[in-house]
Amino acid sequence: MGSQIIELEKKYWQGMENHDYETVKNLTHFPCIIAGKTGLQSVDEATFKKMFESANGSKIKVLNISDVETQLLAENTAVTAYQIELEMADDKQKSLLKCACTSTWIKENNNWVCALHTETELSQQ
């Protein structure tokens, strides 16, 4: 089960890399909760689409996913945590980012969807 959840995370990130809204939308429970360096928010589908489209000029490349921990809490609920290394690029600059991420996945209509995602930027050491 744990491998299935991390494969869903990878598919999600691949959708972000490819700017593939349908893939990302289909893997998201709405409203979803997102927490990161800009704070936290509950996001409905219309707001999520606006956020996704506003990042159109930015490019994300996943360099590595490591230190994966996954737990199945119930038949329809799983949590995962991992470290991710990303390359972020826009018209002006490229930067490397290393984050600790967590996600809560729920099984809804026989499909797993992400209901909560957090990203914490790790200090560069």
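The dialogue below goes through the sheet, a helix and the salt bridges of a predicted model.

Biologist: How do strands of a sheet pair, and in what order do the six strands stand here?

Modeller: Strands of a sheet pair through backbone hydrogen bonds, either parallel or antiparallel. Helices (H or I, at least four residues) and strands (E, at least two) are DSSP runs numbered from the N terminus, and two strands count as paired if DSSP finds at least two bridges between them. Here the six strands form an open sheet of mixed pairing, in the order β2-β1-β6-β5-β4-β3. Its edge strands, each pairing on one side only, are β2 (39-43) and β3.

Biologist: Which strands pair with β4, and over how many bridges?

Modeller: Strand β4 (residues 77-89) pairs in the antiparallel sense with β3 (residues 59-74) over 12 bridges, and also with β5 (residues 94-108), again antiparallel, over 13 bridges. With two residues between them, β3 and β4 form a hairpin, in which Ile 60 has Met 88 of β4 as its bridge partner. On the β5 side, Thr 77 stands opposite Ile 106.

Biologist: Where does helix α1 lie?

Modeller: Helix α1 (residues 2-17) lies across β1 (28-36), β3, β4, β5 and β6 (111-121), and runs at about 150 degrees to β3. Such angles run from 0 to 180 degrees between N-to-C directions, with axes fitted to C-alpha atoms, for helices over the stretch in contact (heavy atoms within 4.5 Å).

Biologist: How many salt bridges are there, and which residues form them?

Modeller: A salt bridge is a side-chain nitrogen of Lys or Arg within 4 Å of a carboxyl oxygen of Asp or Glu, and the count comes to five. Among them, Glu 7 and Lys 10 have their closest N and O atoms 3.8 Å apart, and both lie in helix α1, three residues apart. Another joins Glu 121 to Lys 37 at 3.4 Å; this pair links distant parts of the chain, 84 residues apart, with Glu 121 in strand β6 and Lys 37 in the loop between β1 and β2.

Definitions and conventions. Residues are numbered from 1 along each chain as its sequence is written. This is a predicted model: local features need pLDDT of at least 70, side-chain atom pairs count only at pLDDT 80 or more; totals for chains, interfaces and linings use all residues. Side-chain values use heavy atoms; hydrogens and water are left out.
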